[in-house]
Amino acid sequence: MSDGITMTNTVIECILSRSAAKYYDPAAILSDDQIRELVRIGTTAPTSLHLQNWRFIAVRTPEAKARLHPIAWHQPAITEAAVTFIVCGQLADSSVIPKRLAPLVQAGIMPAKMVPDWEIPARDLYMEYPQRQRDEAVRTATFGAAAIIYAARSLGLGSTPMIGFDAEAVAREFALDEDEVPVMLLSVGGERPGNWPQKPRRPVADVLEFA
């Protein structure tokens with residue numbers, strides 16, 4: 001920022017130019033390594049107390065797309081995009097924190113004696129509060145999906161986040177665990193001509209309040 005004016009850089013240009021894709025090139029594919037890289041980038045997004053409570057199911061084969069398509073309201077992106085991620089948030093569970101923090105301890109970033117200082121507050125925050133556990137699952141999955149959206153844009157790929165699906169059917173068909181919430185579907189692939197540019201947004205004055 002300089003005198004209240006946003007400086008231009010490639011990250012900002014990527015964010016400002018992104019728009020949900022409506023039309024995909026069915027011939028465009030992503031390799032498994034490219035899909036892994038998108039998820040690797042997505043999982044650098046923040047999570048509460050380093051819970052990393054997310055999972056991504058990459059629906060990319062014709063057979064898997066055929067299973068997802070009817071329970072995702074027959075949306076064309078499911079079959080046309082190279083991959084559709086089922087973005088799952090996992091209910092916040094403080095018991096996983098020692099495992100999540102172990103790499104930090106092993107790398108010498110965090111002393112082992114500090115681990116309970118993270119686990120105990122997490123237990124107090126979530127254990128007796130099912131709604132908080134679910135809220136955190138949704139927040140975490142959304143952060144990860146957003147990171148994938150912008151990573152895809154930076155690579156010249158289109159993306160479409162979708163909430164139009166039968167959550168219970170998706171959970172059954174793709175064998176989600178009981179603690180997993182299917183938060184959204186996220187299609188990623190090569191775009192066809194005809195997609196809309198970034199749509200006008202509400203004025204900042206309408207959505208920002210200084211306190």
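## How much is buried

Of the 211 residues in the chain, 38% are buried, where buried means under 20% relative accessible area, exposed means over 50% and partly exposed falls in between (1.4 Å probe, protein chains only). Keep in mind that this is a predicted model, so local features need pLDDT of at least 70 and side-chain atom pairs count only at pLDDT 80 or more, while totals for chains, interfaces and linings use all residues. Residues are numbered from 1 along each chain as its sequence is written, and side-chain values use heavy atoms, with hydrogens and water left out.

## The overall layout

The chain has nine helices and four strands. These are DSSP runs numbered from the N terminus: helices are H or I with at least four residues, and strands are E with at least two.

The C-alpha trace spans about 55 × 55 × 35 Å along its principal axes. Now for contacts, meaning heavy atoms within 4.5 Å. Take the contacts in the chain with a separation of 6 or more: residues 24 or more positions apart account for 80% of them.

## Two nonpolar cores

A nonpolar core is a set of buried Ala, Val, Leu, Ile, Met, Phe, Trp, Tyr and Cys residues joined through side-chain atoms within 4.5 Å. The largest one here has 24 residues, and Leu30, Phe85, Val87, Leu186 and Val188 have the most contacts inside it. At least two residues of this core come from each of helix 2 (32-42), strand 1 (54-59), strand 2 (83-90), helix 7 and strand 4 (180-189). Helix 7 gives the largest share, seven residues. Apart from this core lies another, of 20 residues, including Val59, Ile78, Val170 and Leu185.

Not counting residues up to four places away in sequence, Ala145 touches Val87, Met184 and Leu186. Ala145 and Phe56 are 89 residues apart along the chain, yet their C-alpha atoms are separated by 9.2 Å.

## Helices that cross helix 7

Helix 7 covers residues 130-154. Its axis and that of helix 6 (residues 115-126) come within 7 Å and cross at roughly 110°. Axes are lines fitted to C-alpha atoms, for helices over the stretch in contact, and angles run from 0 to 180 degrees between N-to-C directions. That makes helix 6 roughly perpendicular to helix 7, since 65 to 115 degrees counts as roughly perpendicular, under 35 as roughly parallel, over 145 as roughly antiparallel and the rest as oblique. Asp124, Leu125 and Tyr126 of helix 6 make the contact with Arg132, Gln133 and Glu136 of helix 7.

Zoom in on Gln133: at 15% relative accessibility, this residue counts as buried. Beyond residues up to four places away in sequence, Gln133 touches Leu91, Ala92, Tyr126 and Met127. Helix 1 (residues 10-17) also packs against helix 7, at an angle of about 105° with the axes 9 Å apart. So helix 1 is roughly perpendicular to helix 7 too. Here Cys14, Ile15 and Ser17 in helix 1 meet Tyr150, Arg153 and Ser154 in helix 7.

## Rings and charges

How many aromatic pairs does the structure hold? There is one: Trp54 and Phe56, tilted, at 6.2 Å centre to centre and 45° between the planes. Rings of Phe, Tyr and Trp (its six-membered ring) pair if their centres lie within 6.5 Å; planes under 30 degrees apart count as stacked, over 60 as edge-to-face and the rest as tilted. Trp54 is buried at 9% relative accessible area, and Phe56 is buried at 16%.

Two arginines sit over rings as well: the charged end of Arg67 is 4.4 Å from the centre of the Phe174 ring, and that of Arg132 is 3.9 Å from the centre of the Tyr129 ring. To count, NZ of Lys or CZ of Arg must be within 6 Å of the ring centre and within 35 degrees of the ring normal.
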